[in-house]
Amino acid sequence: MQRYAVLTLGSALLFGAATPALKPIAGAMHPVLLAGLLYLGSFIGLFAARSVRRGQEEARLQRKDLPALVGAIVSGGLLAPVLLVWGLSGLTASAASLLLASEAVLTMLVAAFLFREAVAGRVWVAALLILVAAALLAWTPGTRLPISLHALAVLAACLLWALDNNLTARIALADPFAIAMWKGLAAGAVNTVLGLVLAPSAPGMSWFAALAIGAIGYGASLMLYVLAQRHLGAARTAAHFGTAPFFGAALSVALLGEPLTAVLVAGFAMTAGATWLTLSEHHGHEHTHEAMEHEHRHMHDEHHRHAHQGDEGSEPHSHFHSHAPLRHRHAHFPDLHHRHRH
């Protein structure tokens with residue numbers, strides 16, 4: 001099961017790589033416009049990739065998925081970036097980075113207490129280790145966490161992204177390309193228009209760079225993130241994704257010549273320990289599956305023993321199917337087939 005953690009680590013690597021890649025163009029345009037172009041780039045890249053791929057049938061988004069999808073787009077794609085940009089305007093970069101490190105832990109809190117997702121103690125420890133490591137990475141001498149409306153705005157943005165992560169996990173069985181594309185299109189269009197209103201800018205090479213970085217660092221990263229949530233749940237995916245700042249820092253050292261400091265090495269060590277704690281988790285007990293009906297990409301295994309009409313195609317395939325009640329014991333994570341009580 002832990003092979004799906006590789007998807008999250010790949011997502012974190014791509015997202016982390018976007019930070020050093022953006023440094024040459026970060027000051028060339030308004031941050032809201034830059035955020036909009038990154039999201040638009042993710043949509044364009046995913047649309048192109050989806051147009052040429054073959055034999056990867058996925059379940060379509062259904063009407064019942066719309067509330068979660070709209071909620072994720074509004075919270076994580078529209079409101080959170082605006083709050084973040086306003087919050088950043090009144091904070092130092094180091095203080096903002098310290099506050100942004102809270103997103104993974106907030107995602108886990110929302111998963112555990114609002115959506116009742118089972119989170120093991122070692123996963124909580126891993127998330128706290130990543131939080132401390134990220135704070136250590138962002139801290140500079142003299143930095144203190146301010147208590148202000150700007151700081152609350154950054155924390156509110158992190159909470160909205162935590163809600164976005166959990167809402168997306170509710171619909172993770174649907175086509176990850178479609179989920180990521182809708183997010184990119186909605187957030188990209190709104191933020192690009194808002195950015196142009198705030199600070200009109202003529203198109204230039206920085207626009208094309210932002211779109212390209214968005215296609216890989218945001219689009220491909222988000223698709224891998226959704227695929228991981230399908231198998232790991234929101235909390236464990238968030239714990240693994242917390243490694244993103246350290247991938248970005250490592251690439252900055254390797255590609256931009258930034259110094260390798262003792263603080264960075266210590267942060268890497270804590271992050272590696274947190275990743276090991278999450279990867280080495282084993283959760284297995286007797287549990288009951290209630291009857292359910294849904295559609296998603298699957299292969300025939302212990303959980304999928306339904307009848308076929310003969311036109312479903314080769315496995316893995318996607319079609320509407322029923323699950324009969326089942327009671328058994330095996331290792332599992334809180335994916336959408338394992339949302340039972342503990």
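The legends below describe close-up views of a predicted model.

In this predicted model, local features need pLDDT of at least 70 and side-chain atom pairs count only at pLDDT 80 or more, whereas totals for chains, interfaces and linings use all residues. Residues are numbered from 1 along each chain as its sequence is written, and side-chain values use heavy atoms, with hydrogens and water left out.

**View 1. Packing of helix 3 against helix 8.** Helix 3 (residues 66-88) and helix 8 (residues 176-198) pack at an angle of about 35°, their axes lying 10 Å apart; helices here are DSSP runs of H or I with at least four residues, numbered from the N terminus, and axes are lines fitted to C-alpha atoms over the stretch in contact, with angles running from 0 to 180 degrees between N-to-C directions. Helix 3 contributes L69, A72, I73, G77, L78, P81 and V82 to the contact, and helix 8 contributes I179, W182, K183, A186, A187, V190, N191 and L194, contact meaning heavy atoms within 4.5 Å. By class, 12 residues of this contact are nonpolar, two are polar and one is charged (Ala, Val, Leu, Ile, Met, Phe, Trp, Tyr, Cys and Pro count as nonpolar, Asp, Glu, Lys and Arg as charged, and the others, Gly among them, as polar).

**View 2. Packing of helix 1 against helix 9.** Helix 1 (residues 5-22) meets helix 9 (residues 205-241) at an angle of about 140°, with the axes 7 Å apart. That angle makes helix 1 oblique to helix 9, given that angles under 35 degrees count as roughly parallel, over 145 as roughly antiparallel, 65 to 115 as roughly perpendicular and the rest as oblique. The crossing of helix 1 and helix 9 is left-handed, and the residues of their contact divide into 19 nonpolar, seven polar and no charged.

**View 3. An aromatic cluster that includes F15 and F241.** F15, Y39, Y218, Y225 and F241 form one aromatic cluster, and the structure holds five aromatic pairs (rings of Phe, Tyr and Trp, the last by its six-membered ring, pair if their centres lie within 6.5 Å, and planes under 30 degrees apart count as stacked, over 60 as edge-to-face and the rest as tilted). F15 and F241 form a tilted pair, 5.5 Å centre to centre with 45° between the planes, and this pair links F15 in helix 1 to F241 in helix 9, 226 residues apart. The rings of Y225 and F241 have centres 5.1 Å apart and planes at 85°, so that pair is edge-to-face. F15 is partly exposed, with a relative accessible area of 31%, whereas F241 is buried at 17% and Y225 is buried at 7% (buried means under 20% relative accessible area, exposed over 50% and partly exposed in between, with a 1.4 Å probe and protein chains only).

**View 4. T271 in helix 11.** T271, found in helix 11 (residues 262-279), is buried, with a relative accessible area of 5%. Leaving aside residues up to four places away in sequence, T271 touches A133, T243 and F246.

**View 5. R116 in the loop between helix 5 and helix 6.** R116 lies between helix 5 (103-113) and helix 6 (121-138), and its phi is near 55°, a positive value in a residue other than glycine. Most residues other than glycine have a negative phi. R116 is exposed, with a relative accessible area of 65%.

Definitions and conventions. Helix = DSSP H or I, 4+ residues; strand = E, 2+ residues; numbered from the N terminus. Left-handed = near helix turned anticlockwise from the far one by under 90°.
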